[in-house]
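Good morning, and thank you for making time for this item. Please look at the display as we begin.

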Amino acid sequence: MNGAGPAGGDLRAAARRQALGLVVLAVAVAVTCTFLGRWQWQRHVDRDAAIAVVEANYAAAPVDLTDVVADPDAALPESDAWRSVQVRGRYLDDATVLLRNRPVDSTPAYHALVPFLVTDAAPGDAGDPVGAGRVLVVDRGWVPTGADGSVDVDVPPPPAGEVTATVRLRPGEPTSGRDAPSGQVQAIAPAQVLAAGGVDVEPYAAYGALVREDPAPGAPLGALAAPSTDPGSHLSYAFQWWVFALGGFVAFIVAARREWTSVVTVGEGAPPSRPARPRRARGRDELDEDAEIDAQQDAGRDRQASAMRSR
């Protein structure tokens, strides 16, 4: 009976469904890994751009605040991050706010955020003071949190009176929705910092990370760490995802091809039946022997019939 019957057709259809499923899986894996590689590549590009900004701005000579920030309400462009600027004013020490959950070199710490009331945003200019009346939030440095972080910490005070501060500008962080104890915040969002300190003055949208103060403080805080310029592993991760995309696609396609060719055509799904072996022609001796056996059997039957009649 031909192997192309219902059983052979079902086997062939199942094999082809399996092969098509493997092809779909190959495409899905390849596309997913390609997009993941693209995502890591974009992170690498963004990280390279951030490092370039740090290298260009971090060690640059300071300029007046107004040279970088013309509009205090405008967000600081990423290209101006880490720019060093000078500004003159006085610290509102009574409104110091502590920033929580911002460790320094893996050491638990509070950052001391102090509002700086600007009296001149262009101290390097010999002309009249400009930009007076605004408040720039200054991260003056850090102090240890203490044994369990739940007790008051001793924050060294800033210099009193008129101070010329050199700071590196940073974009203000988004407002945090997490709760914090009184006088503390979870993010350096200038408006939120001033509210926590009880200061009702318009802030700059950016904040400053302290470099130095003139006059110098009596007791300095822990110095703020320099930004990292480590590019990370994003580039290697991108290439790994792309290798996975190519390797997975090839592997699944090879498996699909094997599945597709496991049953090639109708009639080849079942093994072929073995042909009947032809019977060998009987020889002369065999014919004589069969005739003699038949004669003996006939004679035996005649003797039995004669015996029955004689009874």
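Two strands are said to pair if DSSP finds at least two bridges between them. Helices (H or I, at least four residues) and strands (E, at least two) are DSSP runs, numbered from the N terminus. This is a predicted model, in which local features need pLDDT of at least 70 and side-chain atom pairs count only at pLDDT 80 or more, while totals for chains, interfaces and linings use all residues. Residues are numbered from 1 along each chain as its sequence is written, and side-chain values use heavy atoms, with hydrogens and water left out.

Let me begin with the overall layout. The protein chain has five helices and eight strands, and along the sequence they follow the pattern α-β-α-β-β-β-β-β-β-α-β-α-α. Of its 311 residues, 32% are buried, where buried means under 20% relative accessible area, exposed over 50%, and partly exposed in between, with a 1.4 Å probe and protein chains only. A contact means heavy atoms within 4.5 Å. Among contacts between residues at least 6 apart in sequence, 74% join residues at least 24 apart.

I turn now to the strands. Strand β4 covers residues 109–120. Because 11 of its 12 residues are buried, β4 is largely enclosed by the rest of the structure. Which strands pair with β4? Strand β5 pairs with β4 in the antiparallel sense over eight bridges. Two of the bridge partners there are Val 143 in β5 for Tyr 110 and Val 137 in β5 for Pro 115.

Strand β5 is itself largely enclosed by the rest of the structure, since eight of its 10 residues are buried. Strand β5, residues 135–144, pairs with strand β8, residues 206–214, in the parallel sense over two bridges. Strand β6, residues 163–171, pairs with β8 in the antiparallel sense over eight bridges. Gly 208 of β8 takes part in both pairings: it is the bridge partner of Val 138 and of Leu 169.

Next, helix α3. As a general point, an α-helix has 3.6 residues a turn, so residues three or four places apart point the same way. Just after α3, Gly 198 takes a positive phi of about 75 degrees.

I come now to His 111, which is found in β4. Is His 111 buried or exposed? It is buried, with a relative accessible area of 7%. A polar contact is a pair of N or O atoms within 3.5 Å; within protein, one must be able to donate a hydrogen and the other to accept it, and residues adjacent in sequence count only if both atoms are side-chain atoms. The side chain of His 111 makes such a contact with the side chain of Asp 139, at 2.9 Å, and reaches the backbone oxygen of Arg 102 at 3.1 Å. Leaving aside neighbours within four places in sequence, the residues in contact with His 111 include Val 97, Val 104, Trp 142 and Leu 224.

Finally, the largest pocket has a volume of about 690 Å³. Of the 30 residues that line it, the closest to its centre are His 111, Asp 139, Ala 209, Leu 224 and Ala 225. On a 1 Å grid over the protein atoms alone, a pocket is an open set of points where a 1.4 Å probe fits, with protein on both sides within 12 Å along at least five of seven lines, and lining residues have an atom within 4 Å of a point. Grid points are joined across faces, edges and corners, and a volume is the space filled by probe spheres set on the points. Strands β5, β6 and β8 each supply at least two residues of the lining, and β8 gives the most, with six.
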